[in-house]
Amino acid sequence: GFLSPRLLSILVAAPVSYCFFPEVHAVTPRPRNPAAHTIGGGTARTLTDPRMPPAAMDLEPIYCAEQISVPPDLADILKAYTKEVVRRQPEDMLEFSAIYFANLANVSGPAEDTVPPSVSQLKAVFAAVKGQTEMAAEEFVGVCVGAGVSQATIEQTFRLGEFAGDTVNPKEPLVLLLTMTDASFLGIVTSLFEVFGEEDTLSGAEFLGLFKYLTAKDTSVRAESVAALEAELDALAGKKLGFHEVNDLAAFHEIVDAGM
């Protein structure tokens with residue numbers, strides 16, 4: 001997929017305390033019969049996914065190192081998974097793991113359909129919707145398509161953000177679309193200034209509003225850290241800030257380091 005590792009960590013862990021996906025609902029008590037257990041209830045897949053029959057899990061014995069082929073994404077996936085286990089300390093590891101990886105598959109999606117937007121495309125979208133705090137969702141989608149963002153990518157963004165109503169604050173899906181443009185958290189924050197800023201600058205209040213939405217579901221970001229960042233930004237009230245000014249703030253570095 002094209003979502004950043006940090007964003008994947010935010011999205012796939014959500015069902016433990018709340019759900020970020022409309023198709024995976026709150027965790028229900030687990031039946032003792034694993035074959036009857038659905039992940040989170042609703043329309044989520046069962047643990048006995050027909051696409052992976054039990055026989056597929058039977059591996060031949062490994063006798064030498066040459067037989068081992070490690071998938072290139074395995075280390076990143078296991079690192080993100082391990083961090084969420086350590087953070088959340090789930091009582092039921094099997095249930096947590098089943099939900100986590102089901103949502104990871106959901107978020108990743110078919111890469112051939114969901115094409116990452118470019119920063120220049122998102123700048124064009126924001127220029128067309130600037131000043132609007134609410135607009136028809138259908139109109140927003142039309143603006144995105146007109147700027148060259150793929151329909152499948154927009155649909156996935158609306159699904160992840162649970163934008164189910166007829167109207168939307170255009171900044172919110174734009175922030176989610178922006179997370180698809182860079183693999184690093186710092187790169188995404190840099191792009192906030194490029195897309196939403198004037199000459200790549202924002203007021204402290206403008207940046208804070210966007211940053212709060214960006215990190216709202218990130219379990220590594222503590223409310224105290226955001227409050228500290230807000231206090232530092234308040235001290236710079238009246239000034240236009242670029243990424244480098246924000247990057248010099250101690251509270252911002254604390255938030256970044258917490259997600260490493």
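Is Phe243 buried or exposed? In this predicted model, Phe243 has a relative accessible area of 15%, and because buried means under 20%, the residue is counted as buried.

## The chain as a whole

The protein chain has 260 residues, of which 41% count as buried, and its secondary structure comes to twelve helices and four strands. Its accessible surface is about 14,000 Å², with 58% of that area belonging to carbon and sulfur atoms. Among the contacts in the chain with a separation of 6 or more, residues 24 or more positions apart account for 65%.

## The nonpolar cores

The largest nonpolar core has 45 residues, and those with the most contacts inside it are Val189, Phe196, Phe207, Phe211, Leu229 and Phe252. Helix H8 gives the largest share of this core, namely seven residues. There is also a second, separate core of five residues, which includes Ala80, Tyr81, Val85 and Tyr100.

Leu229, which is placed in helix H10, is buried with a relative accessible area of 0%. When residues up to four places away in sequence are not counted, Leu229 touches Phe207, Leu208, Phe211, Leu249, Ala251, Phe252 and Ile255.

## Aromatic rings

A pair of aromatic rings is described by the distance of the centres and the angle of the planes. In this model the count comes to twelve aromatic pairs. In the pair formed by Phe243 and Phe252, the ring centres are 6.4 Å apart and the planes stand at 85°, so the pair is edge-to-face. Phe252 is buried, with a relative accessible area of 0%, and Phe243 is likewise counted as buried, at 15%. Both belong to one aromatic cluster, which is formed by Phe185, Phe193, Phe207, Phe211, Phe243 and Phe252.

Glu232 is found in helix H10, which covers residues 223-234, and at 26% relative accessibility the residue counts as partly exposed. Apart from residues up to four places away in sequence, Glu232 touches Leu249, Ala250 and Ala251, and its side chain reaches the backbone nitrogen of Ala250 at 3.4 Å. Glu232 and Phe252 are 20 residues apart in sequence, and the distance between their C-alpha atoms is 9.3 Å.

Gln121 is placed in helix H4, which covers residues 119-129. With its neighbours within four places in sequence left aside, Gln121 is in contact with Ala147, Gly148 and Val149. For Gly148, the backbone oxygen lies 3.2 Å from a polar atom of the Gln121 side chain.

Where does Glu162 lie? Glu162 is in the loop between helix H6 (151-161) and strand E2 (167-168), and just after H6 this residue takes a positive phi of about 55°, although Glu162 is not a glycine. The buried residues of H6 itself are Thr153, Ile154, Gln156, Thr157, Phe158, Leu160 and Gly161, whereas Glu162 is partly exposed, with a relative accessible area of 39%.

Asp200 is another residue other than glycine with a positive phi, here near 60°. The place of Asp200 is in the loop between helix H8 (185-196) and strand E3 (202-203), and at 39% relative accessibility Asp200 counts as partly exposed.

## Accessibility of the residues discussed

The table gathers the relative accessible areas of the residues described above.

| Residue | Relative accessible area | Class |
|---|---|---|
| Leu229 | 0% | buried |
| Phe252 | 0% | buried |
| Phe243 | 15% | buried |
| Glu232 | 26% | partly exposed |
| Glu162 | 39% | partly exposed |
| Asp200 | 39% | partly exposed |

Terms used:
Residues are numbered from 1 along each chain as its sequence is written. This is a predicted model: local features need pLDDT of at least 70, side-chain atom pairs count only at pLDDT 80 or more; totals for chains, interfaces and linings use all residues. Side-chain values use heavy atoms; hydrogens and water are left out. Helices (H or I, at least four residues) and strands (E, at least two) are DSSP runs, numbered from the N terminus. Buried means under 20% relative accessible area, exposed over 50%, partly exposed in between (1.4 Å probe, protein chains only). Contact means heavy atoms within 4.5 Å. A polar contact is a pair of N or O atoms within 3.5 Å; within protein, one must be able to donate a hydrogen and the other to accept it, and residues adjacent in sequence count only if both atoms are side-chain atoms. A nonpolar core is a set of buried Ala, Val, Leu, Ile, Met, Phe, Trp, Tyr and Cys residues joined through side-chain atoms within 4.5 Å. Rings of Phe, Tyr and Trp (its six-membered ring) pair if their centres lie within 6.5 Å; planes under 30 degrees apart count as stacked, over 60 as edge-to-face and the rest as tilted. Accessible areas come from the Shrake-Rupley method with a 1.4 Å probe; for residues, only the protein chains shown count as cover.
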